[in-house]
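Please open the structure in a viewer and keep the selection tool at hand.

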Amino acid sequence: MDKEWTDRADAIQEALTQLRDSLDYAAKKERIAAIEAEQADPGFWNDQEKAQAVIGELKGLTAVLGPLDEAIAAQEDLDALVEMAEEDPSFAEEAPAEIERIEALLEKLKLAALLNGRHDAAGAIISLNARDGGTDANDWTEMLLRMYLQWAAKHDYKAELLDRQDNEEAGINNASVAIRGPMAYGYLRGESGIHRLVRISPFNSAGTRQTSFAAVDVSPEISDSVEVDIDEADVRTDTYRASGAGGQHVNKTDSAIRLTHEPTGIVVQCQNDRSQHKNRASAWKMLRARLARFEEEKREAEEAAKYQEVAKTGFGSQIRNYFLHPDQRVKDARTKYYQGNFNAVMDGDIQGFLEATLRWRAGQPIEDDDED
């Protein structure tokens, strides 16, 4: 077999060894075995919320280790194929295709290795708020909400709308949605920031170009088993009448809940349900998520400061530009990743952006271009 192919086979073996270490293969295998034993307990489903969290953890682990196990088995078969090729050259013809297949698997695994944050395996709570741009901004915020829901559907993730406040004319003022699936937060965490749309306004009879802004904030959905330090005395609770769609009952009772964490200034609100009790529970879930992310970003900033680096967080800064005029394109301001099909992006085709952001956060080089 040609030396090029034997060298690539050796590189595969070395890469797999490194991936086993970086993905903490042995510990994850032990955790999978522990969860499977826990599932066999007759009382496993007595606590539905805890059970669902455990099942979610298992899905996240198997999503990573499944492809790694496949690559390990394929590499062992490749070793056998290389040995046979040394004795019978006819076997060498099969090696290149198998090497290329394993190399493609390794690329996916290298991406999975970047999903190593403390909460990356958790579900994601996405909060969207209309910013500058008037009604166009409200419409744009609703378009982004649909984009994330479409992405979730394409990847078989579950989505639950936690809160939504409709604008009187069109679109939404704000909304929050939980997206649950393997590594949901790990993939979506880089979406935090300002998303900018440039288009001919459908709400302006003059047909002028309009720039609209929406703020996206992504936090990990923390299960009750994970400790988040919140002193209830630090949280101010306000109740108020819900506005917008929701029925006669919603608008006549103080069912909406707003929680303000005074030490950090973090504010969450929920008015999606007619029950104040359910809205309160959802608001506390959202507050736990926001505080978990707040602490995560503090740790990242402290770690970056040790190495005199800038922490790569995006909330509050413009991260992506979407153009419908004069041409159709979407470009990330950080990674320079670019897609020319605006409608495909709006239909949830954002995986390329998510993966590019993962690599950017890991400090991998970014190739700039001349696009504005």
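The model is predicted: local features need pLDDT of at least 70, side-chain atom pairs count only at pLDDT 80 or more, and totals for chains, interfaces and linings use all residues. Residues are numbered from 1 along each chain as its sequence is written, and side-chain values use heavy atoms, with hydrogens and water left out. Helices (H or I, at least four residues) and strands (E, at least two) are DSSP runs, numbered from the N terminus.

**Stop 1: two helix pairs**

Two packed helices are described by the angle between their axes and the distance between the axes. Axes are lines fitted to C-alpha atoms, for helices over the stretch in contact, and angles run from 0 to 180 degrees between N-to-C directions.

Select residues 48-87, helix α3, together with residues 95-113, helix α4; they pack at about 155°, with axes 10 Å apart. That angle makes α3 roughly antiparallel to α4 (angles under 35 degrees count as roughly parallel, over 145 as roughly antiparallel, 65 to 115 as roughly perpendicular and the rest as oblique). The crossing of α3 and α4 is left-handed, a term used if the near helix is turned anticlockwise from the far one by less than a right angle; clockwise would be right-handed. Next, show the side chains in contact (heavy atoms within 4.5 Å): among them are Leu68, Ala71 and Leu78 of α3, and Ile99, Ile102 and Leu105 of α4. The residues of this contact of α3 with α4 comprise 13 nonpolar, one polar and three charged. Here Ala, Val, Leu, Ile, Met, Phe, Trp, Tyr, Cys and Pro count as nonpolar, Asp, Glu, Lys and Arg as charged, and the others, Gly among them, as polar.

Ala9, Ile12, Gln13, Leu16 and Arg20 of α1 meet a set of α3 residues including Leu68, Ala71 and Leu78. By class, the contact of α1 with α3 has seven nonpolar, two polar and two charged residues.

**Stop 2: a hairpin**

Select strands β2 (residues 158-166) and β3 (residues 172-180), which pair antiparallel over eight bridges. Strands pair if DSSP finds at least two bridges between them. Arg164 has Ala175 in β3 as its bridge partner. The two strands form a hairpin with five residues between them, and Gly171 in the turn has a positive phi of about 70°.

Move on to Met183, in the loop between β3 and α6 (184-188). Phi of Met183 is near 60°, a positive value in a residue other than glycine.

**Stop 3: an open sheet**

Which order do the strands of the open sheet follow? Its three strands run β6-β7-β8, with antiparallel pairing. β6 (235-240) and β8 (266-270) stand at the edges with a single partner strand each, so one side of each lacks a neighbour in the sheet. Five bridges join β7 (residues 256-261) to β8; His261 has Ile266 in β8 as its bridge partner.

**Stop 4: an aromatic pair and a cis bond**

Select Trp140 and Tyr322, an edge-to-face aromatic pair at 4.7 Å centre to centre, with 70° between the planes. Rings of Phe, Tyr and Trp (its six-membered ring) pair if their centres lie within 6.5 Å; planes under 30 degrees apart count as stacked, over 60 as edge-to-face and the rest as tilted. Trp140 lies in helix α5 (residues 134-154) and Tyr322 in strand β9 (residues 318-323), so the pair ties together parts 182 residues apart in sequence.

Finally, select Pro326, in the loop between β9 and β10 (329-332). The peptide bond from His325 to Pro326 is cis, with omega near 5°.
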